[in-house]
Amino acid sequence: MKQLKFIGNLLAILALTITVSSAQLTDNPNANGVIGQPDFVTKVSGTTANSLNGPNGVAVDPTTGKLFIVDRSNHRVLRFSSAAALEVGADAEAVFGQTDFVTKTTGTAADKMNNPIGI
């Protein structure tokens with residue numbers, strides 16, 4: 001009985017491997033949007049709800065779908081409503097490490113950050 005269960009699990013893993021390995025990826029796909037810049041050619045930094053200054057990490061909450069971006073040089077983390085809802089120039093819905101979107105102060109208090117690197 002254990003041997004049949006093992007063989008069944010092995011077959012399931014092989015089927016998954018074959019499915020994943022046969023997926024076709026294309027080289028150089030176009031981006032759907034840009035975060036932290038008004039367009040694909042501009043290169044500016046800032047302290048607003050839709051600009052970044054040294055982005056250094058990205059995470060998506062698997063439960064809510066919310067997108068978090070570490071904005072290192074602004075000493076903050078920005079939270080966006082979802083990765084899927086982002087458009088060029090989208091505003092973050094929340095900021096962590098600063099009292100508002102325009103403040104850029106460093107600190108080591110419970111409500112401050114000092115060059116956050118990852119998330």
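Trainee: Which residues does Ser-82 touch, not counting residues up to four places away in sequence?

Mentor: Ser-82 touches Gly-65, Lys-66 and Leu-67. Please keep in mind that this is a predicted model.

Trainee: Where does Ser-82 lie?

Mentor: Ser-82 belongs to the loop between E3 and E4.

Trainee: Is Ser-82 buried or exposed?

Mentor: Ser-82 is buried, because its relative accessible area is 16% and the cut-off for buried is under 20%.

Trainee: Let us turn to the sheet. In what order do the strands stand?

Mentor: The open sheet has four strands in the order E1-E2-E3-E4, and the pairing is antiparallel. Strand E1 (55-60) and E4 stand at the edges with a single partner strand each, so one side of each has no neighbour in the sheet. On average, neighbouring strands of this sheet are turned by 20° against each other, direction ignored.

Trainee: What holds paired strands together in general?

Mentor: Strands of a sheet pair through backbone hydrogen bonds, in either a parallel or an antiparallel manner.

Trainee: How many bridges are there between E2 and E3?

Mentor: E2 and E3 pair over five bridges, in the antiparallel sense. One of the residue pairs is Val-70 with its bridge partner Val-77 in E3.

Trainee: And how many join E3 to E4?

Mentor: Three bridges join these two antiparallel strands, E3 and E4. Val-77 takes part here too, with Phe-96 as its bridge partner in E4.

Trainee: How many residues of E3 are buried?

Mentor: Four of the five residues of E3 are buried, which leaves the strand mostly covered.

Trainee: What lies between E2 and E3?

Mentor: The two strands form a hairpin with four residues between them. His-75 is found in this loop, which runs between strand E2 (67-71) and strand E3 (76-80).

Trainee: Is His-75 buried or exposed?

Mentor: His-75 counts as buried, because its relative accessibility is 10%.

Trainee: Which other residue has a phi near 55°?

Mentor: Asn-115 has a phi near 55°, again a positive value in a residue other than glycine. Asn-115 lies in the segment after strand E4 (94-96). With a relative accessible area of 32%, Asn-115 is partly exposed.

Trainee: On to charges. How many salt bridges does the structure hold?

Mentor: The structure holds three salt bridges. In one of them, Glu-93 pairs with Lys-66, and the closest N and O atoms are 2.7 Å apart. That pair links distant parts of the chain, 27 residues apart: Glu-93 is in the loop between E3 and E4, and Lys-66 is in the loop between E1 and E2.

Trainee: How accessible are Glu-93 and Lys-66?

Mentor: Glu-93 counts as partly exposed at 36% relative accessibility. Lys-66 also counts as partly exposed, at 22%.

Trainee: With which residue does Asp-71 form a salt bridge?

Mentor: Asp-71 forms a salt bridge with Arg-76, the closest N and O atoms being 2.7 Å apart. Both Asp-71 and Arg-76 are buried.

Trainee: What about Arg-79; which residue is its salt-bridge partner?

Mentor: Arg-79 forms a salt bridge with Glu-93, with the closest N and O atoms 2.8 Å apart. Glu-93 lies in the loop between E3 and E4 and Arg-79 in strand E3, so the pair ties together parts that are 14 residues apart in sequence. Arg-79 is partly exposed, with a relative accessible area of 22%.

Trainee: Which residues do shared partners join into one network?

Mentor: Salt bridges that share partners join Lys-66, Arg-79 and Glu-93 into one network.

Trainee: One last topic. Which residues form a nonpolar patch on the surface?

Mentor: Phe-40, Val-41 and Val-88 form this patch, with about 330 Å² of accessible area together. Val-88 is found in the loop between E3 and E4. At 37% relative accessibility, Val-88 counts as partly exposed.

Key:
Residues numbered from 1 in each chain as written. Predicted model: local features only at pLDDT ≥ 70, side-chain atom pairs only at ≥ 80, totals over all residues. Heavy atoms only, no water. Buried < 20%, exposed > 50% of the residue type's maximum accessible area, 1.4 Å probe, protein only. Pairing = 2+ DSSP bridges. Patch = residues over 30% accessible without salt bridge, like charges linked within 9 Å, V, L, I, M, F, W, Y side chains within 5 Å. Areas by Shrake-Rupley, 256 points an atom, 1.4 Å probe, with all protein chains shown as cover. Salt bridge = Lys/Arg side-chain N within 4 Å of Asp/Glu carboxyl O. Axes fitted to C-alpha atoms, helices over the stretch in contact; angles between N-to-C directions. Contact = heavy atoms within 4.5 Å.
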